[in-house]
Amino acid sequence: MSLKRRLDYVAARHLARRPAKIRLDRAIISFSFDDFPKSAATTGARIMDDRGVRATFYASAGNMGRTVDGLRQYDAEDLIRLSDAGHEIGCHTATHARLTKASPARIRGEYASNRDLLRALGVSQTLRTHAYPYGDVSPDLKREAARWFGASRGIWPGLNVGTIDLAALRCVSLEPHILAERSAHEWIDLAVRRNAWLIFLTHDVAKDHSPFGVDPAALARIVDHALTAGANVLPVADALDRAASKAAAADVGLPSAPVLKFSPR
Ligand SMILES: [Zn+2]
């Protein structure tokens with residue numbers, strides 16, 4: 001990564017924040033699948049469904065029916081089935097675009113056309129949350145996304161606990177190099193100890209998964225561990241609702257304005 005890009009990255013992390021204070025009485029674990037490959041919609045969803053829990057699928061409408069980097073992507077039927085089963089469909093832009101240098105009009109176009117295309121395919125739920133493709137963020141992009149979504153997921157590893165940034169929720173990728181220091185099970189244990197919100201990110205779910213995906217048996221063990229450890233397993237949008245209701249119930253005084261009010265378009 002060039003120095004310039006690294007500086008942009010650091011700036012994006014600290015600027016254009018949407019701070020919200022959350023106080024949970026029980027950890028929340030969210031599972032999110034990006035892009036998303038067919039195997040996430042079938043094998044991944046089945047692992048969740050078998051355990052009575054739901055996940056978030058960040059969809060790029062432009063990926064539908066295509067093969068991307070050798071991975072077959074979801075079909076229209078997958079979208080409907082997931083949505084009907086109560087999984088969250090989130091926004092991942094229409095063309096899986098890098099938008100850090102894009103004009104506001106281009107960014108809005110990506111969000112609007114993704115929404116319209118998915119709606120035309122029969123997705124009736126509002127796209128309430130969003131994940132930045134490639135995790136690429138800039139302060140301007142965070143600001144624009146904030147006008148559209150209750151929250152946006154970045155890719156900075158960590159827990160969402162205490163004062164969180166709704167414009168760049170932290171998450172933990174299930175990629176081996178991310179889990180090298182702390183396993184997924186250890187992340188869950190840490191989240192449970194701190195009553196934190198932990199968001200996992202992955203892509204395909206297959207025995208011969210890509211470097212960005214996960215093995216089905218491993219994913220099943222991770223979900224089981226989250227449930228056994230006593231965490232709530234919720235889609236990202238539902239976790240926001242839970243965090244918002246807990247924030248209200250605890251009557252936390254937010255000096256920097258309560259941001260836990262969502263009016264996604
Ligand atoms: Zn992606």
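**Figure 1. Eight helices and 12 strands make up the secondary structure of the protein.** Helices (H or I, at least four residues) and strands (E, at least two) are DSSP runs, numbered from the N terminus. The radius of gyration is 17 Å, close to the 18 Å that the globule rule gives for 265 residues, so the protein is as compact as a globular protein of that length. This radius is taken over C-alpha atoms, and the rule is 2.2 Å times the number of residues to the power 0.38. The model is predicted: local features need pLDDT of at least 70, side-chain atom pairs count only at pLDDT 80 or more, and totals for chains, interfaces and linings use all residues. Residues are numbered from 1 along each chain as its sequence is written.

**Figure 2. Helix α2 (residues 38-50) packs with helix α7 (residues 216-228).** The angle is about 30°, and the axes are 10 Å apart. Axes are lines fitted to C-alpha atoms, for helices over the stretch in contact; angles run from 0 to 180 degrees between N-to-C directions. α2 and α7 are therefore roughly parallel to each other (under 35 degrees; over 145 is roughly antiparallel, 65 to 115 roughly perpendicular, the rest oblique).

**Figure 3. The contact of α2 with α7, residue by residue.** From α2 come T43, G44, I47 and M48. From α7 come P216, L219, A220 and V223. Two residues are in contact if their C-beta atoms, placed from the backbone, lie within 7 Å. Six of the contact residues are nonpolar, two are polar and none is charged. Here Ala, Val, Leu, Ile, Met, Phe, Trp, Tyr, Cys and Pro count as nonpolar, Asp, Glu, Lys and Arg as charged, and the others, Gly among them, as polar.

**Figure 4. A cis peptide bond runs from D35 to F36.** Its omega is near 0°. F36 sits in the loop between β2 (28-35) and α2. Most peptide bonds are trans.

**Figure 5. D69 has a positive phi, near 50°, and is not a glycine.** Most residues other than glycine have a negative phi. D69 lies in the loop between β4 (67-68) and β5 (71-72). D69 is exposed, with 12 other C-beta atoms within 10 Å. A residue is exposed at 12 or fewer such atoms, buried at 20 or more, and partly exposed in between, with C-beta atoms placed from the backbone.

**Figure 6. Y134 also has a positive phi, near 60°.** Its place is the loop between β7 (129-131) and α5 (139-148). Y134 has 13 C-beta neighbours inside 10 Å, so it counts as partly exposed.
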